[in-house]
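Reader: I would like to learn how to read some features of a protein model. Please take them one at a time.

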Amino acid sequence: MDQRPLRVAVVGSGPSGIYAAEALTRQTDVEIDVDVLDRLPTPFGLVRYGVAPDHLSIRGIRETLWRLLRDPSVRFLGNVELGTDLTVEELRRHYDAVVYTFGASADRRLGIPGEDLPGSLPATDVVAWYCGHPDAARGAVEEALLTARSAVVVGVGNVALDVGRVLARCGALDHTDMPEHVLSALGSCPVRQIHLLGRRSPAHAAFTTKELRELGKLEGVSVRVDPADLAPHPATDAILASDRAVARNVDVLRGWAEADESGSGPTGVHLRFFTRPVEILGRDRVEGVVVERTALADDGSVVGTGERSVIEAQLVVRSVGYRGVPMVGLPFDSRLNVVPHEQGRVVRDGVAAAGEYVAGWIKRGPSGVIGTNKADAHETVATLLEDATSGALPRAERPGRDAVTDLLAERGVRVFTLDDWRAIDAAEIALGESRGRARTTLATRDALLDAVRATMPAEPIN
């Protein structure tokens, strides 16, 4: 009988992946070795590249993830892209089980004319840029910001709030770990009017009260809400009566709508509900957005009223959700944009496949908060362990644990390890301290690799 530890690969080092690794290594029923693979050189996924840099307490969660990743049974293999550097089939040959946690990285589209004009960007691009993602579309974002006096952010979730808040704060972000080029671009950004659009009522908005209140505390920023958007309606009254969180949001909005002044300063943030974009105007770049006033029908559905107007804007940011994308070698539900599964087991041709599992957004869709991923990952790991203890998980003869890294080396893939992350972490802290900040994010693959090389022993001189 094979007495070696069960070998598990976790694809993705965001919260879902690291929480899965934690659940695997902290149980005592089955001895397990875990390799956490990520296509980026650095770990932590959306905690590093998705949480707004001015939310320092939330970004601090990566310290918890970092501790979990240091378990002696866990290896981090960064800069390894599944489907390019390794195939799904090759991964399955090297490991007894694979947990896919690669998330939902693409944006949803509006499907309106003018959406692809220069100056119209998905929130995924803007967030990646200001967080220092090495694959960020820096040129497109900075060109769009260069002459934008007015911005329209389509969406009323926390990501839309993050984008709106970052644009409103512009030159007041020096305390964050943003890359220097991001701070420079935001510091010279001329945006002074920001419109956040929601096609439904305030009671249907998806933001949390804490993030919403932050807007009213920004120095030099005025927040505006149309009192008409808060008019009673049977559909919204029912939501307010049953959901305290929604009621708190509406109370905040009502306070802004009723106040003569909600903050003061040169920058205005306009929260506009019952408003949907129908066309983005412009010849060579964004010049404005045609919006239609909407209303709630008796059943709570949204209907257009035919009343249209134009918002002058030079920047449009689409923040209407993330979606999963297919991975070559894995089944994919194109309707739900997830990998089909049963209790976390990947379903192939209608049959649950022991040995392949999913967790996180690629399992359930882009929903919940960071903590939601912990329960989700633990649920999937419980299924995996059930298969391992019941004998349903195949324990075929596998190549040695180093075989996968040897294969990657043969293919010229520069794998980043936890030691490499330590070097990057130290370099970012040192760079930040040199600028009077706690950290400055290194935003290119070359810069990340240079930080690692700086800690390597010098080559001997012959």
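This is a predicted model: local features need pLDDT of at least 70, side-chain atom pairs count only at pLDDT 80 or more; totals for chains, interfaces and linings use all residues.

Reader: Where does R165 lie, and what is R165 in contact with?

Author: R165 lies in helix α8, residues 158-169. Leaving aside neighbours within four places in sequence, R165 is in contact with A52, D54, H55, E214, L215 and L218.

Reader: E214 and L215 are on that list. Which residues of helix α10 are buried?

Author: In helix α10 (residues 209-216), the buried residues are T209, E211, L212, E214 and L215. Their cover includes α3 (56-59), α8, β9 (221-225), α12 (244-258) and β10 (267-272).

Reader: How many salt bridges does the structure hold?

Author: There are 38 salt bridges. One of them joins the side chains of R169 and D54, with N to O at 3.0 Å. R169 is in helix α8 and D54 is in the loop between α2 and α3, so this pair ties together parts 115 residues apart in sequence.

Reader: Which residues form a salt bridge with R318?

Author: D107 is one partner, and the closest N and O atoms are 3.7 Å apart. D107 lies in strand β5 (residues 106-107) and R318 in strand β14 (residues 315-318), so the pair ties together parts that are 211 residues apart in sequence. E115 also forms a salt bridge with R318, and here the closest N and O atoms are 3.2 Å apart. E115 is in the loop between β5 and β6 (120-122) and R318 is in strand β14, so this pair ties together parts 203 residues apart in sequence.

Reader: What are the relative accessible areas of D107 and R318?

Author: The value is 16% for D107, which is buried. For R318, also buried, the value is 5%. E115 is buried as well.

Reader: Next, how is a pair of aromatic rings described?

Author: Two values are used: the distance of the centres and the angle of the planes. This structure holds two aromatic pairs. In one, the rings of F44 and W421 have centres 5.5 Å apart and planes at 85°; an angle over 60 degrees counts as edge-to-face, so that is what this pair is. F44 lies in the loop between β2 (32-37) and α2 (46-49), and W421 lies in helix α16 (residues 418-434), so the pair ties together parts 377 residues apart in sequence. Both F44 and W421 are buried.

Reader: Why is the pair of Y322 and W361 tilted?

Author: The centres of these rings are 5.4 Å apart and the planes are at 45°, so the pair is tilted. This pair links distant parts of the chain, with Y322 in strand β15 (residues 322-323) and W361 in helix α13 (residues 361-364), 39 residues apart. Y322 and W361 are both buried.

Reader: Which charged residues sit over a ring?

Author: R70 lies over the face of W66, 4.9 Å from the ring centre. The charged end of R414 sits over the ring of F416, at 4.9 Å from its centre.

Reader: How many residues are in the largest nonpolar core?

Author: That core has 59 residues, and those with the most contacts inside it are Y130, V163, W256, L271 and L315.

Terms used: Residues are numbered from 1 along each chain as its sequence is written. Side-chain values use heavy atoms; hydrogens and water are left out. Rings of Phe, Tyr and Trp (its six-membered ring) pair if their centres lie within 6.5 Å; planes under 30 degrees apart count as stacked, over 60 as edge-to-face and the rest as tilted. Helices (H or I, at least four residues) and strands (E, at least two) are DSSP runs, numbered from the N terminus. Buried means under 20% relative accessible area, exposed over 50%, partly exposed in between (1.4 Å probe, protein chains only). A charge sits over a ring if NZ of Lys or CZ of Arg is within 6 Å of the ring centre and within 35 degrees of the ring normal. A nonpolar core is a set of buried Ala, Val, Leu, Ile, Met, Phe, Trp, Tyr and Cys residues joined through side-chain atoms within 4.5 Å. Contact means heavy atoms within 4.5 Å. A salt bridge is a side-chain nitrogen of Lys or Arg within 4 Å of a carboxyl oxygen of Asp or Glu.
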